[in-house]
Amino acid sequence: MTVPETTLNALKLAGQAAADKQATDIVAVDVAQQMGLTDAFLLASAGSERQVLSVVDEIEDALTQQLRLDVLRREGKAGGRWVLLDYGHFVVHVQHEEERVFYALDRLWKDSPLIDLGLTDGVASHEGGSAVEPESGTRDWTPNSARD
């Protein structure tokens with residue numbers, strides 16, 4: 001894994017903040033080898049525009065208060081369908097479930113290693129954050145909401 005410890009700690013905090021606001025399909029992906037501009041992506045889904053914004057606010061608050069880490073760039077907050085938070089070493093994508101399925105970032109980065117977030121919230125830990133290993137041995141990156 002090429003993600004620095006400081007970034008890993010921030011990802012875990014952001015993932016837990018998303019889980020605390022009932023986000024689903026929380027996944028962190030190490031994109032450092034393929035991307036060069038950032039080390040990792042954190043992906044999370046929410047069922048409504050209001051929930052997307054709530055998850056984003058919780059992530060920003062947690063990172064600012066606990067790590068004194070401020071977002072460098074924020075995109076999409078006005079629409080509440082897909083919000084991107086750029087922290088430099090990692091980027092957070094909080095998407096409405098429909099956008100998550102349609103844009104399929106999970107499939108785009110399917111060859112990248114997953115990062116274990118060690119989430120403590122039972123719902124987020126088993127619903128989001130782990131790829132499914134089908135019998136063929138390849139990862140199924142379809143978000144759980146699209147698999148149902």
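**Sheet and helices**

A: This is a predicted model. Strand 3 and strand 4 (residues 82–86) pair in the antiparallel sense, over 3 bridges.

Q: Which residue stands opposite Leu84 in strand 4?
A: Glu75 stands opposite Leu84.

Q: What order do the strands of the open sheet have?
A: The open sheet has 6 strands, in the order 3-4-5-2-1-6. The pairing is mixed.

Q: Which strands stand at the edges?
A: Strand 3 (73–75) and strand 6 (114–115). Each has a single partner strand, so one side of each is left without a neighbour in the sheet.

Q: Which strands does helix 1 touch?
A: Helix 1 packs on the sheet and touches strand 1 (24–30), strand 2 (40–46), strand 5 and strand 6. The direction of helix 1 makes about 0 degrees with that of strand 2.

Q: And helix 3, which strands does it lie across?
A: Helix 3 lies across strand 2, strand 3, strand 4 and strand 5. Helix 3 runs at about 160 degrees to strand 5.

Q: At what angle do helix 1 and helix 3 pack?
A: About 140 degrees. The axes of helix 1 (residues 5–20) and helix 3 (residues 49–67) are 8 Å apart. Angles over 145 count as roughly antiparallel, so this pair is oblique instead.

Q: Is that crossing left-handed or right-handed?
A: The crossing of helix 1 and helix 3 is right-handed.

Q: Which residues make the contact?
A: From helix 1, Ala10, Leu13, Ala14, Ala17 and Ala18. From helix 3, Val55, Glu58, Ile59, Ala62, Leu63, Gln66 and Leu67. By class, the contact has 10 nonpolar, 1 polar and 1 charged residues.

Q: Switching topic: what is the mean pLDDT of the protein?
A: The mean is 85. Of the residues, 80% reach 70 or more.

Q: Which elements have the lowest and highest mean pLDDT?
A: Helix 6 (residues 122–127) has the lowest, at 37. Strand 5 (residues 90–96) has the highest, at 98.

Q: Over which residues is the pLDDT below 50?
A: Over residues 122–139. That stretch has 36 contacts in the model, beyond near neighbours in sequence. Where pLDDT is low, the predicted coordinates should not be read in detail.

How values were computed: Residues are numbered from 1 along each chain as its sequence is written. This is a predicted model: local features need pLDDT of at least 70, side-chain atom pairs count only at pLDDT 80 or more; totals for chains, interfaces and linings use all residues. Side-chain values use heavy atoms; hydrogens and water are left out. Axes are lines fitted to C-alpha atoms, for helices over the stretch in contact, and angles run from 0 to 180 degrees between N-to-C directions. Helices (H or I, at least four residues) and strands (E, at least two) are DSSP runs, numbered from the N terminus. Angles under 35 degrees count as roughly parallel, over 145 as roughly antiparallel, 65 to 115 as roughly perpendicular and the rest as oblique. A crossing is left-handed if the near helix is turned anticlockwise from the far one by less than a right angle, and right-handed if clockwise. Contact means heavy atoms within 4.5 Å. Ala, Val, Leu, Ile, Met, Phe, Trp, Tyr, Cys and Pro count as nonpolar, Asp, Glu, Lys and Arg as charged, and the others, Gly among them, as polar. pLDDT is the predictor's confidence in each residue, from 0 to 100. Two strands pair if DSSP finds at least two bridges between them.
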